[in-house]
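Colleague: Hi! I'm new to this one, could you walk me through it?
Modeller: Happy to, let's look together.

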Amino acid sequence: MIFEIITIFPDFFRGPLDYGILRRARESGLVRVSVHDLRAFARDRHRTVDDRPFGGGEGMVLKPEPLFECVESLQVAPRKARMSREARESVILLSAQGRRFQQSQAGELARLERIVLVCGRYEGVDERVAEHLADREISVGDYILSGGELAAAIIVDAVARLVPGALGNEASARQESFTGNDSGQAALDSCTPSSTCGSGGLLDYPHYTRPAEFRGMSVPEVLVSGDHEQIRRWRRRSALEKTVRNRPDLIAGNELSEEDRDLIARITGKSI
């Protein structure tokens with residue numbers, strides 16, 4: 001997997017890419033990250049990459065010329081090819097106006113061979129970049145950042161950990177919050193403590209480790225009971241409780257088993 005990051009602050013990425021899973025993936029050759037200074041593609045002596053917006057308004061806007069030239073220098077596939085089902089590359093514009101980034105998109109991007117991330121700055125980026133250069137426009141959340149660099153680091157991390165071999169235990173990536181189960185409810189039903197229950201697109205269940213008792217706070221007895229079926233049921237109920245409490249919107253967007261519906265009815269006092 002190759003990541004190409006286009007930014008006016010290349011030094012920003014000296015830290016976020018050098019730790020944990022991402023560092024190991026880079027050192028093992030599973031992931032390669034290249035950072036490109038957008039100012040190197042400015043043609044004037046002041047290396048200008050921004051200008052005032054047409055029509056008036058506050059702030060500055062990143063110019064199209066250096067962005068187009070930088071992306072074209074990477075020799076990416078044509079935009080039409082990048083938007084096809086057979087695409088192996090993507091050029092992503094990071095902006096507050098983009099589609100909100102979710103785990104499903106991370107999984108989709110992890111199947112590509114190369115991703116180019118264009119970091120927006122200032123008031124925004126000339127719209128011709130979104131319409132004619134990038135094939136996706138992504139936002140990492142409903143809030144405003146000073147630029148796309150943090151967003152790029154988030155996407156690199158979220159996608160890189162899904163590259164085969166990046167995690168020590170490949171099953172870990174399938175058993176986290178927001179991750180759907182390709183095999184459906186059967187995967188949940190076959191879950192045992194040696195293989196944590198998949199979230200099925202909901203939030204993950206609570207986790208505990210040693211010591212079993214800490215400052216008067218004990219681990220739920222069911223988790224040390226050795227009863228695999230009771231552990232599975234506790235984990236699923238706990239995941240549903242946390243989802244109902246913190247992210248009820250995820251309930252409506254997922255297929256639920258009859259067991260799930262019964263558990264939610266008990267938790268909320270309402271049938272769904």
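Colleague: Where does Arg215 lie?
Modeller: Arg215 sits in the loop between β9 and β10. Helices (H or I, at least four residues) and strands (E, at least two) are DSSP runs, numbered from the N terminus. Before we go on, this is a predicted model, where local features need pLDDT of at least 70, side-chain atom pairs count only at pLDDT 80 or more, and totals for chains, interfaces and linings use all residues. Residues are numbered from 1 along each chain as its sequence is written, and side-chain values use heavy atoms, with hydrogens and water left out.

Colleague: Thanks! Is Arg215 buried or exposed?
Modeller: Arg215 counts as exposed, at 74% relative accessibility. Buried means under 20% relative accessible area, exposed over 50%, and partly exposed in between (1.4 Å probe, protein chains only). Arg215 also has a positive phi of about 50 degrees, although it is not a glycine.

Colleague: What is phi for Gln75, and where does that residue lie?
Modeller: Phi of Gln75 is near 55 degrees, again a positive value in a residue other than glycine. Gln75 is in the loop between α2 (64–73) and α3 (79–82), and it is exposed, with a relative accessible area of 68%. As background, most residues other than glycine have a negative phi, and most peptide bonds are trans.

Colleague: Which residues does a cis peptide bond join?
Modeller: That bond joins Arg210 and Pro211, with omega at about 5 degrees. Pro211 lies in the loop between α7 (185–189) and β9 (213–214).

Colleague: Let's zoom out. How many helices and strands does the chain have?
Modeller: There are 10 helices and 10 strands in the chain. The C-alpha trace spans about 70 × 45 × 45 Å along its principal axes. Of the chain's 272 residues, 42% count as buried.

Colleague: Okay, the core next. How many residues are in the largest nonpolar core?
Modeller: The largest nonpolar core has 32 residues. By that I mean a set of buried Ala, Val, Leu, Ile, Met, Phe, Trp, Tyr and Cys residues joined through side-chain atoms within 4.5 Å. Phe3, Val31, Leu94, Ile115, Leu117, Ile155 and Val159 have the most contacts inside it.

Colleague: And which elements give two or more residues to this core?
Modeller: Those are β1 (2–7), α1 (20–27), β5 (89–100), α4 (103–110), β6 (114–119) and α6 (149–160). The most comes from α6, with 8 residues. Apart from this core lies another one, of 21 residues, including Leu38, Phe41, Val118 and Ala134.

Colleague: What does Phe3 touch?
Modeller: Not counting residues up to four places away in sequence, Phe3 touches Val31, Arg32, Val33, Ser34, Ile115, Leu117, Val156, Val159 and Ala160. Contact here means heavy atoms within 4.5 Å.

Colleague: At what angle do α4 and α6 pack?
Modeller: The angle is about 70 degrees, and their axes are 8 Å apart. So α4 is roughly perpendicular to α6, a label for angles of 65 to 115 degrees, while under 35 is roughly parallel, over 145 roughly antiparallel and the rest oblique. The axes are lines fitted to C-alpha atoms, for helices over the stretch in contact, and angles run from 0 to 180 degrees between N-to-C directions.

Colleague: Which residues make the contact?
Modeller: From α4 they are Ala106, Leu109 and Ala110, and from α6 they are Ile155, Ala158 and Val159.

Colleague: What covers the buried residues of α4?
Modeller: The cover includes β5, β6, β8 and α6. The buried residues of α4 themselves are Gln105, Ala106, Gly107, Leu109 and Ala110.

Colleague: Switching to Ser90: buried or exposed?
Modeller: Ser90 is buried, with a relative accessible area of 1%, and it lies in strand β5.

Colleague: Which side chains make polar contacts with the side chain of Ser90?
Modeller: One is that of Asp135, at 2.6 Å, and another is that of Arg136, at 2.9 Å. A polar contact is a pair of N or O atoms within 3.5 Å; within protein, one must be able to donate a hydrogen and the other to accept it, and residues adjacent in sequence count only if both atoms are side-chain atoms.
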